[in-house]
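Dear colleague,

I am passing on the structure we spoke about, together with some notes on what I found when going through it. Please have the model open beside this message as you read.

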Amino acid sequence: MSGHSKWSGIKHKKAKVDAQRGRVFTKLIREITVAARAGGGDPDGNPRLRLAIEKAKAVNMPQDNIQRGILKGTGELPGTSYEEYVYEGYGPGGVAVLLEIVTDNKNRTAPEIRKAFAKYGGNLGESGCVAWMFEKKGLIQVETAAADEDRLLSVALEAGAEDVRRSDDIFEIITVPKDLEQVKESLMKEKIAITDGEVTMLPQSTVRLEGKQAQQMLQLMETLEEHDDVQNAYANFDIPEEIMATVTG
């Protein structure tokens with residue numbers, strides 16, 4: 001979990017910076033559109049859409065943009081037709097990489113993703129090659145300075161959380177996906193500030209990387225995260241704190 005947690009923290013910090021330049025808007029609009037198409041335009045009855053809207057608001061996306069994304073998803077406004085795919089592959093050192101893709105042109109996306117893997121010592125694999133190493137979970141992150149551990153444990157577990165772990169200066173609350181929202185609501189009701197909360201894919205085991213392989217893995221993750229068609233990138237690496245810190249520097 002440690003590699004995943006550190007990378008999640010880095011992504012959260014980067015998202016705030018990227019939002020200032022509008023770089024995250026493209027992905028969020030796509031997610032809103034796809035979520036509305038799959039489950040309808042009412043966020044109260046569509047948890048995936050509700051989460052996408054929360055993320056959009058967190059980076060100050062204008063309400064008009066959010067509404068247009070929903071209407072394109074429900075077909076009330078014309079828009080690009082997006083399809084969802086899962087790509088799987090291996091990074092340096094045999095690290096498992098799982099990608100959630102939303103694209104309007106698979107014939108463009110696949111070669112670009114394959115090229116990124118090859119550039120940084122990895123390779124795109126066959127469907128099913130690494131998905132079994134990940135488990136879909138709700139993950140809520142709370143800074144250790146924002147909550148007393150015993151109180152957090154009590155509130156989270158009573159609300160239905162499966163586990164609460166500490167990783168450096170972050171508490172990680174693990175839930176089954178369907179319980180994510182009720183656990184978040186319980187924490188907020190108790191005035192416990194949440195850094196992040198999302199449905200994610202958690203690795204069941206990790207691969208420790210150092211030196212050149214660690215640097216290549218971080219470069220690969222950055223490249224994948226920055227690709228417009230990659231909605232989410234998951235990997236089971238564990239990289240030392242001092243190397244991970246260079247990404248935020």
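In this predicted model, helix α3, which covers residues 47–58, packs with helix α4, residues 63–74, at an angle of about 155°, and their axes lie 10 Å apart. Since angles over 145 degrees count as roughly antiparallel, α3 and α4 are therefore roughly antiparallel to each other. Their crossing is right-handed, and the contact is made by L49, I53, A56 and K57 on the α3 side, with Q63, I66 and I70 contributed by α4. Sorted by class, the residues in this contact of α3 with α4 are five nonpolar, one polar and one charged.

The other site I looked at is H227, which lies in the loop between α8 (211–226) and β9 (230–235). Its relative accessible area is 17%, and because buried means under 20%, H227 counts as buried. The side chain of H227 is joined to that of E112 by a polar contact of 2.7 Å, and, if neighbours within four places in sequence are left aside, the residues in contact with H227 are K27, T109, E112 and I113.

As for the chain as a whole, the protein has nine helices and ten strands, and 48% of its 249 residues count as buried. Among the contacts in the protein chain with a separation of 6 or more, 71% are accounted for by residues 24 or more positions apart.

Notes:
Residues numbered from 1 in each chain as written. Predicted model: local features only at pLDDT ≥ 70, side-chain atom pairs only at ≥ 80, totals over all residues. Heavy atoms only, no water. Axes fitted to C-alpha atoms, helices over the stretch in contact; angles between N-to-C directions. Helix = DSSP H or I, 4+ residues; strand = E, 2+ residues; numbered from the N terminus. Parallel < 35°, antiparallel > 145°, perpendicular 65-115°, else oblique. Left-handed = near helix turned anticlockwise from the far one by under 90°. Contact = heavy atoms within 4.5 Å. Nonpolar A, V, L, I, M, F, W, Y, C, P; charged D, E, K, R; others polar. Buried < 20%, exposed > 50% of the residue type's maximum accessible area, 1.4 Å probe, protein only. Polar contact = N/O pair within 3.5 Å; in protein donor to acceptor, adjacent residues only side chain to side chain.
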